[in-house]
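User: Hello! I am new to this structure and would like to learn how to read it step by step. Could you walk me through it?

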Amino acid sequence: MERYYQKEIECASRDQIRAWQDERLVRQVRHVWDNVPYYRAKMEATHVAPDDIRSRDDLYKLPFLSKADLREAYPFGLLAEPLEKCVRIHSTSGTTGKRVVAFYTKEDIDLWDDCCARALAAAGAGPEDVCQVAYGYGLFTGGFGLNGGSQKLGCLTLPMSSGNTDRQLQFMEDLGSTILCCTPSYAAYLAESIHERGLQDKIHLKAGIFGAEAWSEQMRQDIQKSLGIKAYDIYGLTELSGPGVAYECSAQAGMHINEDHFIAEIIDPDTGEVLPEGTQGELVFTSITKQAFPLLRYRTRDICILRHENCPCGRTHIKMCKPMGRSDDMLIVKGVNVFPSQIETVLLEQGYTSNYQIVVDRVNNSDTLDVLVEMTPEHFSDSLAEITQREKSLVAALKAMLGIFAQVHLVSPKSIARSEGKAIRVIDKRKI
Amino acid sequence: MAIHQISVFLENRAGQLAEITALLAGNGIDLRAINIAETSDYGVLRLIASHEPEACRVLRENGFIFSSGEVVAVGVPDEPGGLNRLLQILAEKQIDVQYMYSIFGQPNGMAYMILRVAAPAEASALLRANDMHLAGAAELGIVSSDQERQE
Ligand SMILES: [Zn+2]
């Protein structure tokens, strides 16, 4: 039987959700206008005032926020409440430039915990469960987010944090953990360790919530089979709160967005134009309940599709698909969107390394897509026929993933061009 | 002693073969036999080295993808029908030859066929029973590791 944490919200009528969004958006825009000079200046520059926003139909009038804005406004520029009302920060591990710091009031944390509790309930968790949180605790939102949700739901919460596999397995066995929360790669690693040590019969997991990393459907199947559990995806961004912005239900087909807290839009990443439902584009979120760090029209750079559908779980909130890639990495080849991450997924699934290079070119007015793939000792054979066979199955898998043909070139491990030690992933010769 | 052949992955790039031969020569390793199988996109270089373990070490240290496997080396008299007889013996016992190549111009005037078969020991025994001349390592100029230690 489907479980809920706040059924009246999770299964509210579309009219009700719409009413919440209209009312909360209007209030939020006013709150930001009054308290965040940085965003107010943006609104003024685009000649929008709070009175112009009367319902979510007016959302498109508001200017976007991007990661660059968050860096520029670091650390307090987007803060909308006095510091004495704030009780915590979290921060993203940016690879370049300044970090992004997000602030939380007590109420912000309370609502975030609700979102995570909904995700856990949707994964079948309840007060009788033992929830092992093996996400990192600290500036990263994973540990604290699921910890809060687990406590709200009444689970016995094991704040393990990440790493220390021996201790993870010891507690998992001794305390009879039934729910596991961690990154999908760590779940796969734990599964492997459980099998190596022959602990399968001593582990009582029934479900896992795995997020903070891109993972494929194949990986889900592998983890489910290996651990004998149901594996659920969860989505979130530190900028918006953390995990729990959207979560999977028992249908395991798309993640319900918590629309009473976030309004989602899909836009054309190049023009910023709002795209109709069911169209692939960049995901944009507006947080309509956050007090301390309310972001209006925040561009996630995740490429995704939104769909309203009658979900068998009974929830009415809109669903987002697993993000297909990042808008800044997206390539358009023969009119089809291609993401390096899709190619990487296929390569890893077939046992190749993630050291690859994509070359896009235009020959006789037609786009070409070539992928340089490192030969590995496992894929090498003394027989050309065998190598060719393996190459063909890789080409077929890429075609299935991308929808277009990609020419594979097998190369020696050291031959992919590097720049400052990092492999150059994409060469688009059409732009040269 | 069994003869080991090293198969090296070759990508479709000018100069890669020369890179390998220079690398081996620079380490005092001679090539006793060489054969290349290729498609338009990549190839496999098959070689028999004078010092097999040493060649493997050098290739590994330089990041090449390769494998090493046993092959059968048969001396074939340089006269009409010599090769045919060899193939007939194998065909009668339904031993599938995955590929073969030859070495000519040996000092003893012999031509050798290098055969890749699924079960080299079995094929060797069959050929020996049919009075075929199987070449040993020394005959092909391969230095065994035992010899090296004595030197
Ligand atoms: Zn659902």
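User: How much area is buried between domain 1 of chain B and domain 2 of chain B?

Analyst: First, some ground rules: this is a predicted model, where local features need pLDDT of at least 70, side-chain atom pairs count only at pLDDT 80 or more, and totals for chains, interfaces and linings use all residues. Residues are numbered from 1 along each chain as its sequence is written, chains are lettered from A and ligands numbered from 1 in the order in which they are written, and side-chain values use heavy atoms, with hydrogens and water left out. Buried area is the accessible area (1.4 Å probe) that two parts lose on being put together, summed over both. Here the two domains of chain B bury about 910 Å², and carbon and sulfur atoms give 59% of that. On the side of domain 1 of chain B, Ile3(B), Gln5(B) and Arg32(B) supply 52% of the area buried against domain 2 of chain B, more than any other three residues.

User: How many salt bridges link chain A and chain B?

Analyst: Two salt bridges cross that interface. Asp382(A) and Arg116(B) meet in a salt bridge at 2.9 Å, N to O. The contact involves 19 residues of chain A and 23 residues of chain B, and the chains bury about 1500 Å² between them, 57% of it on carbon and sulfur atoms. Within chain A, Phe380(A), Asp382(A) and Leu384(A) lose the most area to chain B, together 45% of what that side buries.

User: In what order do the four strands of the open sheet in chain A come?

Analyst: Strands of a sheet pair through backbone hydrogen bonds, either parallel or antiparallel. Two strands pair if DSSP finds at least two bridges between them; helices (H or I, at least four residues) and strands (E, at least two) are DSSP runs, numbered from the N terminus. In chain A the order is β20-β19-β18-β23, with mixed pairing. The edge strands β20 (407–411) and β23 (426–428) of chain A each have a single partner strand, so one side of each is left without a neighbour in the sheet. Five bridges join β19 (366–374) of chain A to β20(A), and these two run parallel. Asp370(A) stands opposite Gln407(A) in β20(A).

User: Which strands does helix α11 of chain A touch?

Analyst: Axes are lines fitted to C-alpha atoms, for helices over the stretch in contact, and angles run from 0 to 180 degrees between N-to-C directions. Helix α11 (384–402) of chain A packs on the sheet, touching β19 and β20 of chain A, and its direction makes about 135° with that of β20(A).

Notes:
Contact = heavy atoms within 4.5 Å. Salt bridge = Lys/Arg side-chain N within 4 Å of Asp/Glu carboxyl O.
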